[in-house]
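Subject: Structure for your review

Dear colleague,

Please find below the structure I promised to pass on, followed by an account of what turned up in it. I would be glad if you could read the two side by side.

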Amino acid sequence: MSLLQSLKNSIRSRSIHVAYVNVGSCNGCDIELLACLSPRYDIEQYGIYVHNNPREADVLLITGAFSPQWEDKLKPLWDKIPNPKVAVAIGNCPISGCVFNRPETLVDPPVSKHIPIAAEIPGCPPRPTEIISTILSLAPLIFKDYEETNR
Amino acid sequence: MKKTVDVSLPIGPMHPLFKEPCRIKCETRGEFVLSAEVELGYVKKGIERIMRGRPWQEVMFLAERVCGICSVVHNYVFIEAVENVSGIAPTERAAYLRVIVNELDRMQSHLLANYSYCYTIEHETLAMYLLNLRETVMDQLELITGARVTCAFIIPGGVRCDLSADGAASLRTALDHIDSELSRFVRIFETGPLIGLRSKGVGLLTKEAAIEAHAAGPTARASGIPDDLRNIHPTYRLLDFKPVIRYEGDNYARIMVRFEEVFQSTGLIRTALALMKEGPIRGGGTIKAGTVRYRGEAPRGELLYDLTTDEHGRILEIAIQTPSIMNIQVCAHAMLKNAQSAADITAIFISSDPCIACTER
Amino acid sequence: MFSFVYYIKEFLRPTWIRSFLTAKTAPLKSPSYFRDFPQTTEKECTHCLACMMICPAPDAINVVQRAGVWQPEIKKGHCIRCGLCIEACPEDVLASGRILEYKRREELTLKGTYHISIDQKKCMGCGNCSVSCPVNREIDPSLRSSGTSTSDEVIMRVDTGQNKVLHEEKCTGCKTCEDHCPNQAIRVARVVEALQGGEE
């Protein structure tokens with residue numbers, strides 16, 4: 001069992017399928033995510049594939065400060081992702097609301113009120129290097145011993 | 001009763017090809033698109049409500065976060081608007097530095113738009129080439145301003161930091177690199193037979209329709225409207241600026257206009273570097289009371305800031321008009337109508353370079 | 001058929017093979033000129049709060065006392081890495097990227113002045129603002145709870161049922177008065193000016 005589990009752990013840490021959802025960001029974090037795809041950073045060499053399809057994703061990257069339109073849409077989207085799954089907040093907006101968290105604003109941060117957030121990458125926006133190194137350091141940990149802990 | 005509509009085809013708000021959430025609702029008969037409508041409102045944050053009652057040093061950062069792709073131009077136009085109110089003129093060196101950073105931002109925005117288009121028509125090789133070339137531009141932006149996306153470079157009376165001699169030399173090398181690489185990619189785009197099939201004659205926008213729907217920016221310039229607000233900007237006049245125009249009005253023309261504007265931007269930056277003299281980069285000056293409507297040319301078209309300040313420089317009233325809303329509407333009502341294939345819907349939509357974050361704020 | 005030959009020829013080029021075998025992606029580190037989260041230098045913080053006053057993001061920076069020493073503390077997840085606090089700090093306590101270097105070299109400053117405006121239609125003359133103002137309390141410790149004072153040196157005091165501003169230039173822009181006003185009658189405006197070359 002433990003051998004099988006360690007095999008699963010090592011394979012899962014090298015094959016991460018990613019979907020991203022913009023719940024009211026300014027685009028800054030989204031284009032930094034896109035820059036991760038570029039041949040210079042090349043996240044596919046680490047086994048991270050951006051599908052942008054929740055039904056085959058393991059990791060949901062969330063950018064944005066949760067605008068009211070997503071009130072009834074983010075939770076169903078989160079439910080569509082098969083287990084095991086995690087959500088990672090990218091940028092300041094999902095963590096604290098950034099500069100938008102002021103009186104009279106329409107957004108409703110943090111996103112962790114609505115779906116469970118496993119990790120946060122601060123920065124407005126974070127550099128692609130920061131995004132990649134965080135996801136890489138996260139990869140061996142997030143799905144470690146999933147079957148053992150969720151039996 | 002004959003049935004005219006086969007399928008109401010919704011695209012979005014989560015779609016693998018869209019970077020931002022929005023929904024296109026299409027009425028189709030077979031593959032033929034009868035009509036289309038764009039539903040917005042997924043990223044509304046209420047930035048203008050937050051801006052009210054705040055001084056420039058806070059509104060500047062909010063203005064930058066109206067749109068992350070063209071953040072420099074929002075900063076630029078907002079600061080020039082408040083400078084207009086209070087009669088501040090930037091120092092000469094600062095004016096050229098602003099143009100340099102603004103043109104670098106335009107280059108990365110156009111390269112990103114063309115990347116998205118190539119990715120949408122599934123020419124991933126060219127898309128990745130363009131995305132990698134964009135990193136060269138981002139490096140230069142980071143070298144000058146210290147940040148990749150939200151540069152916070154332009155402040156009333158000047159700019160935040162100076163461009164050193166080393167920086168100017170590395171900028172010149174990067175511009176040469178961009179010119180030589182991009183002319184290769186443009187040749188790939190021009191001669192690619194499959195790209196031609198997906199682009200030429202697809203998403204036609206006639207000049208009349210573009211004028212009627214108030215199209216702006218490269219979308220309008222690809223349909224033969226010589227509208228570019230850089231024409232009337234005092235600093236750009238010194239740089240001998242001429243807008244790029246094409247007359248085809250299809251996807252191909254819109255992408256080619258953006259490519260040519262990147263070449264034009266490298267030329268403008270070279271001229272600005274040559275004309276720039278040593279001098280102070282900050283002139284000081286405080287914001288006074290007044291009302292102004294100030295327009296500037298964003299990568300996507302005309303950007304308008306309409307604001308009122310009080311005697312201590314706080315923003316009392318502000319309204320922002322971004323170019324994307326016109327381009328999205330002209331896309332929905334003129335370009336998507338009579339599209340021959342459902343597969344072209346996303347390609348046509350992306351070719352008008354919609355920026356949803358700009359539109360909804 | 002031609003394309004097969006073309007590709008085989010392309011892939012057999014020595015430069016292609018060499019670049020294929022030795023391709024390396026850039027290391028995952030930020031360049032030195034990147035404007036990262038501000039770090040504290042060894043300089044001593046004087047607790048002037050200039051960084052907090054200029055910060056455009058809500059509660060991104062706080063000046064706190066840790067083990068008897070005042071020092072600014074950046075909250076990750078709130079800080080937007082604009083670098084204004086570094087430019088505003090008169091003591092060069094914070095550093096990030098090249099900002100401190102060019103600030104020193106080119107003598108760039110952000111000068112802040114503060115203006116207090118009181119809406120006399122809304123002001124009830126309760127004196128909460130005058131009492132809560134930390135500068136007022138320092139100047140005149142005997143300031144009464146009604147906000148009246150015998151001293152002419154205070155920033156503001158209640159006089160004949162209305163709050164009057166006497167010395168606007170002493171305001172440090174902490175906005176304590178704004179928080180304590182029950183009627184939102186008092187507003188503090190920060191007017192920031194970006195200057196170069198020391199005193200002008």
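Throughout, helices (H or I, at least four residues) and strands (E, at least two) are DSSP runs, numbered from the N terminus. Residues are numbered from 1 along each chain as its sequence is written, while chains are lettered from A and ligands numbered from 1 in the order in which they are written. This is a predicted model, in which local features need pLDDT of at least 70 and side-chain atom pairs count only at pLDDT 80 or more, whereas totals for chains, interfaces and linings use all residues.

Backbone points

In chain B, B:Ala152 is found in the loop between helix 5 and strand 4 (154-155), and its phi is near 50 degrees, a positive value in a residue other than glycine. B:Ala152 is buried, with 23 other C-beta atoms within 10 Å; here a residue is buried if 20 or more other C-beta atoms, placed from the backbone, lie within 10 Å of its own, exposed if 12 or fewer, and partly exposed in between. B:Glu122, in the loop between helix 4 (92-120) and helix 5 (124-145) of chain B, also has a positive phi, near 65 degrees, without being glycine, but B:Glu122 is exposed, with 12 other C-beta atoms within 10 Å. In chain A, the peptide bond from A:Cys124 to A:Pro125 is cis, with omega near -10 degrees, and A:Pro125 sits in the loop between strand 5 (119-121) and helix 5 of chain A.

Surroundings of B:Pro156

B:Pro156 lies in the loop between strand 4 and strand 5 (158-159) of chain B and counts as buried, with 26 C-beta neighbours inside 10 Å. Leaving aside neighbours within four places in sequence, its contacts (C-beta atoms, placed from the backbone, within 7 Å) include B:Trp56, B:Ile79, B:Val82 and C:Ala194.

Helix packing

Helix 2 (residues 56-64) and helix 3 (residues 71-86) of chain B pack at an angle of about 145 degrees with their axes 8 Å apart, where axes are lines fitted to C-alpha atoms, for helices over the stretch in contact, and angles run from 0 to 180 degrees between N-to-C directions. Among the residues that meet there are B:Trp56 and B:Val59 from helix 2 of chain B, and B:Phe78, B:Ile79 and B:Val82 from helix 3 of chain B. The residues of this contact divide into seven nonpolar, three polar and one charged, given that Ala, Val, Leu, Ile, Met, Phe, Trp, Tyr, Cys and Pro count as nonpolar, Asp, Glu, Lys and Arg as charged, and the others, Gly among them, as polar.

In helix 1 of chain A, by contrast, the number of buried residues is zero out of 13, so this helix lies largely in the open.

Chain contacts

Chain B has 31 residues in contact with 34 residues of chain A. Helix 5 of chain B gives the most to the side of chain B that touches chain A, with four residues, and by class that side has 17 nonpolar, six polar and eight charged residues.

With kind regards

Methods:
Contact = placed C-beta atoms within 7 Å.
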